[in-house]
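Hi,

Here is the structure I promised to pass on. Have a look at it first, and then read my notes below.

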Amino acid sequence: RREQRILHHSSINNFGDSIEGTYVCFGGNYTTEDVLPSLEEQGVPQLYPKDSNVDYKKELRSLNRELQLHILELADVLVDRPSQYAKRIGEISSIFKNLHHLLNSLRPHQARATLIHIMELQIQQRKQAVEDIKRRREEAQRLLKDAFVALDG
């Protein structure tokens, strides 16, 4: 175990080395695989279809409406039957976890869209820089031409 720590610490300065598989950080085991655990793995019932072609917009709206309904029902339960609030809180928690899971499954798309936007901005900035360089080159050529004319004249 101690040898593994020493090997791990000695490889910290090798920035080119990438970590593959699992690693230990602050006593916890982590993996480099970017996998979103399913709701079932987390012990949460999935409230939207398990199909791979999920309509995120539709499902998020549906879960949002269901959340609003459950919050109103919780208010009724708190007024009429306060002892039964725990069941409603559990249902609301499950809806929130489903919403959170759906949103997290959109993160890769969001990251791609953000990168595309950043790259488009960089392209625009570089085109502007090229145009600025061309304009300055033309101005410098004009100044040189005027200087040669003045020297010859």
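Predicted model: local features only at pLDDT ≥ 70, side-chain atom pairs only at ≥ 80, totals over all residues.

Now the overall layout. The protein has four helices and two strands, and along the sequence they come in the pattern α-β-β-α-α-α. Of the 153 residues, 14% are buried. If you take the contacts between residues at least 6 apart in sequence, 54% of them join residues at least 24 apart.

Back to Leu-67, which belongs to the largest nonpolar core. That core has 12 residues in all: Leu-39, Val-44, Tyr-48, Val-54, Leu-60, Leu-63, Leu-67, Leu-74, Ile-92, Ile-95, Leu-99 and Leu-102. The elements giving two or more residues to this core are helix 2 and helix 3 (85-105).

How do those two helices sit relative to each other? In general, two packed helices are described by the angle between their axes and the distance between the axes. Here, the axes of helix 2 and helix 3 come within 9 Å and cross at roughly 160 degrees. An angle over 145 degrees counts as roughly antiparallel, so helix 2 is roughly antiparallel to helix 3. The crossing of helix 2 past helix 3 is left-handed.

While you are on helix 2 (residues 56-80), find Lys-58, which is part of it. Is Lys-58 buried or exposed? Its relative accessibility is 52%, so Lys-58 counts as exposed, the cut-off being over 50%. Tyr-48, one of the core residues, is 10 residues away from Lys-58 along the chain, and their C-alpha atoms are separated by 9.9 Å.

Next, the strands. Strand 1 and strand 2 pair in the antiparallel sense over four bridges.

You'll find Phe-26 in the loop between strand 1 (22-25) and strand 2 (28-31). Phe-26 has a positive phi of about 55 degrees although it is not a glycine. With a relative accessible area of 87%, Phe-26 is exposed.

That's what I have for now. Happy browsing!

Note on methods
Residues numbered from 1 in each chain as written. Heavy atoms only, no water. Buried < 20%, exposed > 50% of the residue type's maximum accessible area, 1.4 Å probe, protein only. Core = buried A, V, L, I, M, F, W, Y, C linked by side-chain atoms within 4.5 Å. Pairing = 2+ DSSP bridges. Axes fitted to C-alpha atoms, helices over the stretch in contact; angles between N-to-C directions. Parallel < 35°, antiparallel > 145°, perpendicular 65-115°, else oblique. Left-handed = near helix turned anticlockwise from the far one by under 90°. Contact = heavy atoms within 4.5 Å.
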